[in-house]
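Visitor: I would like to go through this structure one feature at a time. Please give the general idea before each case.

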Amino acid sequence: MALRFQIEATSGAARAGRLITPHGEVQTPVFMPVGTLGSVKGVPQEILEELGVEILLGNTYHLYLRPGIEQVRRLGGLHRFMSWDRAILTDSGGFQVFSLSELRKLTEEGVTFRSHLDGSTQFLSPEAATEAQIGLGADIIMAFDECTEYPAEPSRVRSSMELTLRWAERSKKYFEEHKHEVPWGRGHVGTAAPTAPTHSDRTQALFGIVQGGMDPVLRKESAERTIEIGFPGYAIGGLSVGEPRKLTREIVEATIQHLPAETPRYLMGVGTPEEIVEYANLGIDMMDCVLPTRAARHGLLFTSEGKISIKQARYAGDRGPLDPNCGCRVCARYSRAYLRHLYASNEILAQVLNTVHNLSFYLDTMRAVRHSIALGDRPQFLSGK
Ligand SMILES: [Zn+2]
């Protein structure tokens, strides 16, 4: 048993449900905070638990380069290493290889690239990326894909989509042959401390990724052929790569109608609070984005009264809470004046508090979305503006 998905309520195309993973249940639609290197920058795991985070995203590319997969595997896998008992999803590393590293060579076999850390030559393939993700031991792992750049010529989009399909088959084949090697699985023979027996009959779930650029026809074909290969969940990849937001939405709509209703649908790398509500309305179940955490570190805060740039001088004497409608521990305790001072003084605490609030705001937004769906209402983004 790897994963179960139950839809409990629908409203239009939106669905509210429950994803049952080897490390607990996840209520959907869900926003997954990004914990790039086994950490949501600035926020300890106990606060993530308090915020109600049920699933975190880890980046295979980053963990592969540092501290290295073998190190994490020996320490019992990512859950044990970072002391996080709830669900984790890892990406395949494909997106970062194409966006962060100096790409050396792309072949049928895989991708040779230079590490952005030390310039060393590295190689990832469907087999290597799947092996790495089994070693990390996330509950949900992703097929290795090529994220098509934008804009791209039609012939280039097709050949990239075809490559992703061939890589999806190879990812699945490797996964099926090696899935019991997961650090918490029954087939694992490791040097780490004994793994929890409660998880022993469980395995990870491998999701497929639909590509096809900004072409609805190719998106349909990519969806159909990925479904033919067969996965317990499907992601929509290759979006948020610089295209206009309107086009992102059109492609999500064009793709989602070809995905099975009974499996989870994951939209990778989106979006603003307004957008995540919109995508939930289209029937997306899972989303992730660096926006709330990255923006927080730059003093950009999402509130029920709109976006706030806390560095502005006008907050210097503001005794009010960051967001009067937010119940998070930051808004309950600290003033805008204090947050502005911390940010202006470059205090580490500014990053911590800002990130806690932004994550809380995103999680509350999704909680409200699930509540609306349960009531049969259309989820709406509630903003004072
Ligand atoms: Zn708050």
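Guide: What follows takes a metal site, some strands, a helix and a few single residues in turn. The model is predicted, so local features need pLDDT of at least 70 and side-chain atom pairs count only at pLDDT 80 or more, while totals for chains, interfaces and linings use all residues. Residues are numbered from 1 along each chain as its sequence is written, and side-chain values use heavy atoms, with hydrogens and water left out.

Visitor: Which protein atoms are the donors of the zinc ion?

Guide: Donors are N, O and S atoms within 2.8 Å of the metal (3.2 Å for Na, K and Ca); water is not among the atoms, so sites may look incomplete. Here the donors are SG of Cys326, Cys328 and Cys331 and ND1 of His357, at 2.1 to 2.3 Å from the zinc ion. Along the chain their spacing reads C-x1-C-x2-C-x25-H. Cys331 belongs to helix H12 (residues 329-333) and His357 to helix H14 (residues 348-374), so this pair ties together parts that are 26 residues apart in sequence. Helices (H or I, at least four residues) and strands (E, at least two) are DSSP runs, numbered from the N terminus.

Visitor: What is the geometry of the site of the zinc ion?

Guide: Ideal angles at a metal are 109.5 degrees for four tetrahedral donors. Four donors count as tetrahedral if all angles lie between 85 and 135 degrees. The angles among the 4 donor atoms of the zinc ion are 97 to 118 degrees, and the site is tetrahedral.

Visitor: Is Cys331 buried or exposed?

Guide: Buried means under 20% relative accessible area, exposed over 50%, and partly exposed in between (1.4 Å probe, protein chains only). Cys331 has a relative accessible area of 8% and is buried. His357 is also buried, at 0%. By contrast, Glu70, in helix H3 (residues 69-74), is partly exposed at 39%.

Visitor: What is the strand order in the open sheet of 3 strands?

Guide: Strands of a sheet pair through backbone hydrogen bonds, either parallel or antiparallel. Two strands pair if DSSP finds at least two bridges between them. The order is E7-E8-E9, with antiparallel pairing. Strands E7 (102-106) and E9 (121-124) are at the edges with a single partner strand each, so one side of each has no neighbour in the sheet. Strand E8 (residues 111-114) pairs with E9 over 4 bridges, and Val111 has Leu124 of E9 as its bridge partner.

Visitor: Which strands are joined to E6 by bridges?

Guide: Strand E5 (residues 55-58) runs parallel to E6 and is joined to it by 4 bridges, with Gly58 partnered by Thr90. Strand E10 (residues 140-142) is also parallel to E6, through 2 bridges, and Leu89 stands opposite Ile140 there. From strand E6 (residues 87-90), Ala87 and Leu89 point one way and Ile88 and Thr90 the other, and all are buried.

Visitor: How many residues of helix H10 are buried?

Guide: In H10 (residues 273-282), 8 of the 10 residues are buried, so the helix is largely enclosed by the rest of the structure. Among them are Pro273, Ile276 and Tyr279. Gly283 follows H10 and has a positive phi, near 105 degrees.

Visitor: Which residues does Ser11 touch?

Guide: Contact means heavy atoms within 4.5 Å. Leaving aside residues up to four places away in sequence, Ser11 touches Ile373, Gly376, Asp377 and Arg378. Ser11 is in strand E1 (residues 4-11) and is buried at 10% relative accessibility.

Conventions:
Four donors count as tetrahedral if all angles lie between 85 and 135 degrees; four count as square planar and six as octahedral if opposite donors are over 155 degrees apart and all others between 65 and 115; anything else is irregular.
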